[in-house]
Structures are given as structure tokens and as C-alpha cells.
Amino acid sequence: MRVLHVSPTHFGDASIVGGAERYAWELARAMAAQVDVTFLTFGKTPAEFDRDGVHVEVLRHVPVIDHPLASNPLSRRFLSVVRRADVVHCHQVHTFATNAALLFGRATGRPVFVTDLGGGHMRAPSSYVRMMRLAAGFLLISDYSRRLWADAPRSTRPDRLEVIYGGVDVDQFSPGGVKDPHRVLYVGRLLPHKGVEHLIDAITPPLTLHIVGRPYDAAYVAMLRDRARGKPVVFEESVDDRGLVDRYRSAFVSVLPSVSTDWRGRTTTVAELFGLVVIEAMACGTPAIVSRTTSLPELVNDAITGFIVPAGDAGALRDRLLQLCARPDLAAAMGARAREAV
């Protein structure tokens with residue numbers, strides 16, 4: 001069987017690499033142990049290579065919609081790649097690539113699956129007409145995401161909604177090394193809905209904070225750096241996968257403090273449709289603290305594998321951080337249970 005995964009963005013420094021892209025790539029990598037997998041994505045320069053058992057094709061794209069957080073690309077070669085697949089899995093909803101795959105799949109009898117990974121305000125025909133009924137399966141990554149789609153207008157809602165959660169390579173993301181009993185870790189893109197300023201506000205001696213993530217909003221990052229002035233906060237913009245595992249292993253806790261309403265007062269319902277970094281940290285034996293928003297409470301068993309705190313509440317976050325810092329035995333026990341849960 002030949003399976004094709006389609007992700008609008010993934011490879012290259014000019015691309016967007018966040019949880020959505022990592023989700024699609026990890027699923028493709030895991031599938032490659034069972035079937036022939038091609039991972040199709042888009043970029044300014046076409047390329048073709050093999051990585052981790054997956055055949056990767058990068059098509060030169062025509063940018064249909066210019067948006068800083070999303071790509072809605074087209075390529076003249078797209079359908080020629082789809083034609084070689086037996087099964088297609090599109091990792092975004094309202095893109096021209098997904099729409100083309102759905103129509104081509106219906107015409108040729110190929111099953112096409114679709115997953116919603118968020119990704120900004122993209123527009124395609126499926127934004128206005130009920131094209132998702134052409135999908136062989138509509139696979140969502142959290143129960144929260146399923147509930148959002150269940151409330152969507154019937155004109156765009158699929159007939160059937162299913163949930164498959166994300167996964168990580170538990171051999172790669174595994175416990176090891178020595179934990180720093182004071183180090184708090186944040187991993188993720190530096191965007192306003194991540195609520196990183198509340199985590200910075202929560203840092204107090206003896207805590208230290210490592211922020212690992214690429215900047216996508218210059219004003220927001222400038223605000224974070226100003227907020228962190230005089231505090232033991234380290235910013236790291238570029239860390240490879242091996243370095244990321246090391247960061248997870250060395251921290252005594254990892255935090256994803258996302259918010260629905262950001263520092264500018266903008267509100268979103270899709271701040272976190274899953275939160276892959278949470279289970280990456282947990283797989284490394286590190287307990288997680290997440291905010292009580294969107295899908296995040298689905299990932300952490302409160303007071304068992306980590307803690308859930310009110311979104312935007314730096315005081316509550318500080319209390320939980322200091323509790324774990326003062327109780328290394330508790331942090332270790334939570335980390336062990338977190339690993340088991342993943």
C-alpha cells in the first residue's frame with residue numbers, strides 16, 4: 001500500500017514548523033514502518049529525498065493566500081503525486097490542495113482522509129460548500145476539536161467526526177540524564193496565544209526558565225524579552241530534535257501556558273487543538289503544567305501527571321512550580337506516571 005501525507009508547510013527555514021507540522025511528520029514516520037509512505041509538502045525550491053524511512057517530495061508552490069501563519073499552496077505537479085498513492089491523508093482542511101485531493105479521490109476511487117490541525121484563516125471552496133463529505137474519514141486530534149466541528153454550520157460540517165490523538169516516538173523521547181531541580185521549560189512557537197508572558201511573570205527564585213521556540217511575532221517577542229529583563233530567563237530560537245530531547249530531560253517541569261485571549265485582547269477558540277509538546281515532555285519523564293483552555297486538559301491528569309491551572313493566572317502557575325521545585329520526589333513520581341500515560 002502506498003500512503004501519501006500532504007502537509008502545506010514543513011521543511012525549510014522559511015516554512016512554519018510547529019506542533020501541526022510535527023504531528024503530520026511523526027504520523028508519517030510511524031506509518032513508514034508498515035507501508036510505503038510519501039510526505040508531500042511545498043516550498044520555494046523543489047526537492048526530493050528520503051528521511052527516516054519516509055520519501056519526501058517538496059513541490060514548488062504558488063502562494064494563493066499570503067498569511068504569516070498559514071500557507072495555502074498550489075503546484076502544477078500536485079495531482080501527479082496524488083495519482084501514485086493508494087490512500088491520501090491531508091493535514092489541513094481549507095486548502096486548495098486538500099480540496100483538489102478530495103475531488104480527485106472521488107473521481108478515481110482513492111480514499112482521502114482529512115485532519116484539522118488549525119493553521120490560521122485559510123480559504124478554499126470547502127470554506128463555503130460541503131466538500132468534507134467527500135472524505136473517507138475526518139480525523140480530529142482532540143475531543144475539543146471534535147466539539148468545535150460538531151457546532152460548525154451544516155454547510156461545511158462532515159457527516160462523521162472521529163478523534164485520533166497525536167503520538168511521539170517513545171524511544172526517541174525518553175527519560176535520561178540528570179534533572180535540574182530549578183529549571184522550568186517552555187517549548188513552542190513564540191506567538192501571543194501561547195501566553196508565555198504569564199510564565200515569565202511566574203518565575204521567582206530559585207526557579208530558572210528556558211524558552212525554546214522560534215519567533216513569529218516581533219512585537220510579542222520584544223514584549224517577552226522586556227518582561228524577562230533581570231530574571232533568570234534564557235531564550236533559545238533554534239534547537240534540533242536531539243537538543244530538544246535534552247531540554248525535556250533536564251527540566252523538572254515543562255509548561256504550556258496558552259490562553260484564549262492574548263495580550264492584545266484578541267480571542268481565539270483554537271489556541272491549542274492538541275499540544276504535542278506536552279506529550280513530548282511527558283514521554284521524557286517530565287511532568288507538565290498546562291492552562292485550563294481548549295484541548296490541554298485532555299492531555300494532563302491533574303495532580304497525577306502534572307497540573308492544570310487557570311489560563312493567564314501567573315500566581316497559580318507560580319504556586320505549582322514552587323510546589324514541584326520543593327518536592328523533587330513528587331516531580332519524579334509525576335514524571336514517571338506521565339511517561340506511562342504517553
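Biologist: In what order do the eight strands of the open sheet run, and what is the pairing?

Modeller: Keep in mind that the model is predicted. The order is 3-4-2-1-7-8-9-10, and the pairing is mixed.

Biologist: What makes strand 3 and strand 10 stand at the edges?

Modeller: Count partners. Strand 3 (47–51) and strand 10 (162–163) each have a single partner strand, so one side of each has no neighbour in the sheet.

Biologist: How do you know that strand 7 and strand 8 pair?

Modeller: Pairing needs at least two bridges. Strand 7 (residues 87–90) and strand 8 (residues 112–114) share three bridges, in the parallel sense. Therefore they count as paired. Take C90: its bridge partner in strand 8 is V114.

Biologist: Which strands does helix 1 touch?

Modeller: Contact means heavy atoms within 4.5 Å. Helix 1 (residues 19–31) touches strand 1, strand 2, strand 3, strand 4 and strand 7. Helix 1 packs on the sheet, and its direction makes about 155° with that of strand 2. Helix 4 (residues 143–150) also packs on the sheet, touching strand 9 and strand 10.

Biologist: What is the order of the open sheet of six strands?

Modeller: The order is 13-12-11-14-15-16, with parallel pairing. The edge strands are strand 13 (233–236) and strand 16 (306–309), each pairing on one side only.

Biologist: How do you know that strand 12 and strand 13 pair?

Modeller: The cut-off is at least two bridges. Strand 12 (residues 208–212) and strand 13 have four bridges, so they pair, in the parallel sense. There, V212 stands opposite E236 in strand 13.

Key:
Residues are numbered from 1 along each chain as its sequence is written. This is a predicted model: local features need pLDDT of at least 70, side-chain atom pairs count only at pLDDT 80 or more; totals for chains, interfaces and linings use all residues. Side-chain values use heavy atoms; hydrogens and water are left out. Helices (H or I, at least four residues) and strands (E, at least two) are DSSP runs, numbered from the N terminus. Axes are lines fitted to C-alpha atoms, for helices over the stretch in contact, and angles run from 0 to 180 degrees between N-to-C directions.
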